Amino acid sequence: MASATQCLASLARLSLTSAARPSTASIPRFLVPSVGTSQARYASGGAGGFRKREKKKKVYKAFRSYDLTDLEQYSLCDAIRYLRAYEVGRPPTSVKYALALKLKTVKSGPVVRNRIRLPHPVKTDTRIAVVCPDDSPLAAEARQLGAVVAGEESLFASIREGNVPFNRLICHTDSEPALKKANLGKILGPKGLMPSIKTKTITANVRGLMRELVGADEYRERGGVLRLAIGQLGFTPEMLGENVKAFMGQVKSDVSSLEEQVDKKIEEVVISSTNGPGFSLNGTFNSTDNKIQPAHLEGPM
């Protein structure tokens, strides 16, 4: 028979065992982790994580236009007066006035591209070469009209050797296959000399095109802007005014021819010089200062 001491020891062990193992019913549920409600987090933002949305950049279908209401604009004589101050001491033939026409137009669509012969030509060093059959009457006629080079194979060989003594290249329609076969696009293309039907430099009337190119300038819309040199520093305000009117009239005609394809219009006209800033024109000619006459803006400074 067990003694009283052994019975007390057994009861003590039972009480300690039950206290060390508490039942789950006595623990609050929010302290017990549950497999079904656990949330997996991923540092890389993969499946189950949170991804940061990137903001889409706003894409403009048309070139930006600005409100010109508060913009200070100048007459042609005032702009010439200020630009001449930037060109003091420079040779009259080394400085050129440039006109920039900002168009209100869409980014995608046909562009304005043409050629114009100004009333007072700016470039006088036009050197023309003609692609036509060698030793033909057409080649002889082209040389008589002032072409520096005329021919086919001889001209192609000179171009391949890097000898390009011209800044305008015309191709007769009969020589177009020979020009394509020569594969000179990589040489003439970057220089802007490759003849094409689009630029109207492939023609059957070589005589007429040569007369048109002498003193003519090409312009093309880039980034919604048309740029063209309209005069030299030695030009009088009247000469510049006539060139500006001629260029504006030609561009308006080009824009009207594209009305069915795209909507374009001239938004701003800016004149600048080689070393001077740009001045926005307001469409008037005379200076706002009555003491300044067009005759004062002529001759050396």
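Accessible areas here come from the Shrake-Rupley method with a 1.4 Å probe, and for residues only the protein chains shown count as cover. On that basis the protein exposes about 19,700 Å², of which carbon and sulfur atoms supply 53%. The model is predicted: local features need pLDDT of at least 70, side-chain atom pairs count only at pLDDT 80 or more, and totals for chains, interfaces and linings use all residues. Residues are numbered from 1 along each chain as its sequence is written, and side-chain values use heavy atoms, with hydrogens and water left out.

**Whole chain**

Helices (H or I, at least four residues) and strands (E, at least two) are DSSP runs, numbered from the N terminus. Colouring by accessibility shows that 34% of the 301 residues count as buried; buried means under 20% relative accessible area, exposed over 50%, and partly exposed in between (1.4 Å probe, protein chains only). Contact means heavy atoms within 4.5 Å. Among contacts between residues at least 6 apart in sequence, 77% join residues at least 24 apart.

**Helix 2 and its end**

Select helix 2, residues 76–86. Its buried residues are Leu-76, Cys-77, Asp-78, Ala-79, Ile-80, Leu-83 and Arg-84. Display next the elements that cover these buried residues, which include strand 1 (96–104), helix 8, strand 9 and strand 10 (279–280).

Then select Tyr-86, which lies in helix 2. Tyr-86 counts as partly exposed because its relative accessibility is 45%. Leaving aside neighbours within four places in sequence, Tyr-86 is in contact with Asn-275, Gly-276 and Pro-277. The C-alpha atoms of Tyr-86 and Asn-275 are 6.6 Å apart in space, although the two residues are 189 residues apart in sequence.

**The largest pocket**

Switch to a surface view. A pocket is an open set of points on a 1 Å grid over the protein atoms alone, where a 1.4 Å probe fits, with protein on both sides within 12 Å along at least five of seven lines; lining residues have an atom within 4 Å of a point. Grid points are joined across faces, edges and corners, and a volume is the space filled by probe spheres set on the points.

The largest pocket holds about 720 Å³ of space. Of its 28 lining residues, select Arg-113, Thr-199, Glu-218, Tyr-219 and Arg-220, which lie nearest the centre. The elements giving two or more residues to this lining are strand 2 (113–117), strand 5 (168–172), strand 7 (216–220), strand 8 (225–232) and helix 8 (237–257). By class, the lining has 10 nonpolar, 7 polar and 11 charged residues. In these classes Ala, Val, Leu, Ile, Met, Phe, Trp, Tyr, Cys and Pro count as nonpolar, Asp, Glu, Lys and Arg as charged, and the others, Gly among them, as polar.

**The second largest pocket**

Move to the second largest pocket, with about 340 Å³ of space. It is lined by 17 residues, and Leu-76, Val-244, Lys-245, Gly-283 and Thr-284 lie nearest its centre. Helix 8 and strand 9 (265–273) are the elements that give two or more residues to the lining. Helix 8 gives the most, with 6 residues. The lining divides into 7 nonpolar, 5 polar and 5 charged residues.

**Salt bridges**

A salt bridge is a side-chain nitrogen of Lys or Arg within 4 Å of a carboxyl oxygen of Asp or Glu.

Select Lys-264 and Glu-221, whose closest N and O atoms are 2.9 Å apart. Lys-264 lies in the loop between helix 8 and strand 9 and Glu-221 in the loop between strand 7 and strand 8, so the pair ties together parts 43 residues apart in sequence. Both Lys-264 and Glu-221 are buried.

Proceed to Glu-176 and Lys-180, joined by a salt bridge of 3.4 Å, N to O. The two are 4 residues apart in helix 5 (residues 176–182) and therefore separated by about one helical turn. Glu-176 is buried, with a relative accessible area of 18%, whereas Lys-180 counts as exposed at 59% relative accessibility.

Finish at Arg-115 and Glu-212, where the closest N and O atoms of the salt bridge are 3.6 Å apart. This pair links distant parts of the chain, 97 residues apart: Arg-115 in strand 2 and Glu-212 in helix 7 (residues 206–213). Arg-115 is buried at 10% relative accessible area, while Glu-212 counts as partly exposed at 38% relative accessibility.
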